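Some notes on this model, point by point. Please read them beside the structure.

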Amino acid sequence: MIKIPIDSFLKSEIIKLEYKNNHERDRTGYMESVTGKRAATRLAIMRAARRLFEEKGIENTSFSDIAEAAGVSRSTVFNHFSGTSDLLTAVCRREVADLEAVYEKSGCRGKEGITVIFDAFIEDTASYPQLVTRLIYNA
C-alpha cells in the first residue's frame, strides 16, 4: 500500500490511490475520495449503519438491516465494506473528516479552533450517544 499523508495535498483536492484490493477508502489519512453515484451510495450505507448501530447496537445490526435501511441490496453493502469492522472504520473516518471540515470552515485557530472542534464533537455525540460511547471504550 502506498501511504501519502493528506497534508501533502491541498485539502480541497480529491485524492485517488489505486490499491491491489481495489477497496475504496475515505480521503482522510492515507485514503482517497470517490464522487458520483458510488459515493452517494456509500454515504447512504454509512448513514443507515450509524443510525441502526445507535438504535440496535453494533452486534445486533446485520448487513441485511443496513441494506434495507439504505435502500440497497445486501451485496451492495458488501461491495463497499468487507465487514462490520470496515464499516465502523469508515464511519469513524467520516466523523473525523467532518470535524476537520467544521474546523477549516470556521477559520478559527488556536484555542478558538479547539473550541469549535469540541462543540461539533459534543453535538454529534449528543445525536449518537450509545455508538460514540461504544467506539470510544472499544478503541
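1. (Buried is under 20%, exposed over 50%, partly exposed in between; 1.4 Å probe, protein chains only.)

2. On provenance: this is a predicted model, with local features needing pLDDT of at least 70, side-chain atom pairs pLDDT 80 or more, and totals for chains, interfaces and linings using all residues. Residues are numbered from 1 along each chain as its sequence is written, and side-chain values use heavy atoms, without hydrogens or water.

3. The largest nonpolar core has 20 residues. Such a core joins buried Ala, Val, Leu, Ile, Met, Phe, Trp, Tyr and Cys through side-chain atoms within 4.5 Å. I45, F53, I66, F81 and L87 touch the most other members. Helices α1 (37-56), α2 (63-70), α4 (84-106) and α6 each supply at least two residues. The largest share, six residues, comes from α1. Helices here are DSSP runs of H or I, at least four residues, numbered from the N terminus.

4. Look at F53. Beyond neighbours within four places in sequence, F53 contacts (heavy atoms within 4.5 Å) I58, T61, I66, T84, L87, L88 and L131.

5. Now the surface. I114, F118, F121, I122, I136 and Y137 make a nonpolar patch of about 670 Å². Patch members have over 30% relative accessible area and no salt bridge, and nonpolar side chains are joined within 5 Å. Helix α5 (110-127) gives the most, four residues. Y137, in α6, is exposed at 67%.

Definitions and conventions:
Patches are made of residues with over 30% relative accessible area and no salt bridge: like charges are joined within 9 Å, nonpolar side chains (Val, Leu, Ile, Met, Phe, Trp, Tyr) within 5 Å. Accessible areas come from the Shrake-Rupley method with a 1.4 Å probe; for residues, only the protein chains shown count as cover. A salt bridge is a side-chain nitrogen of Lys or Arg within 4 Å of a carboxyl oxygen of Asp or Glu.
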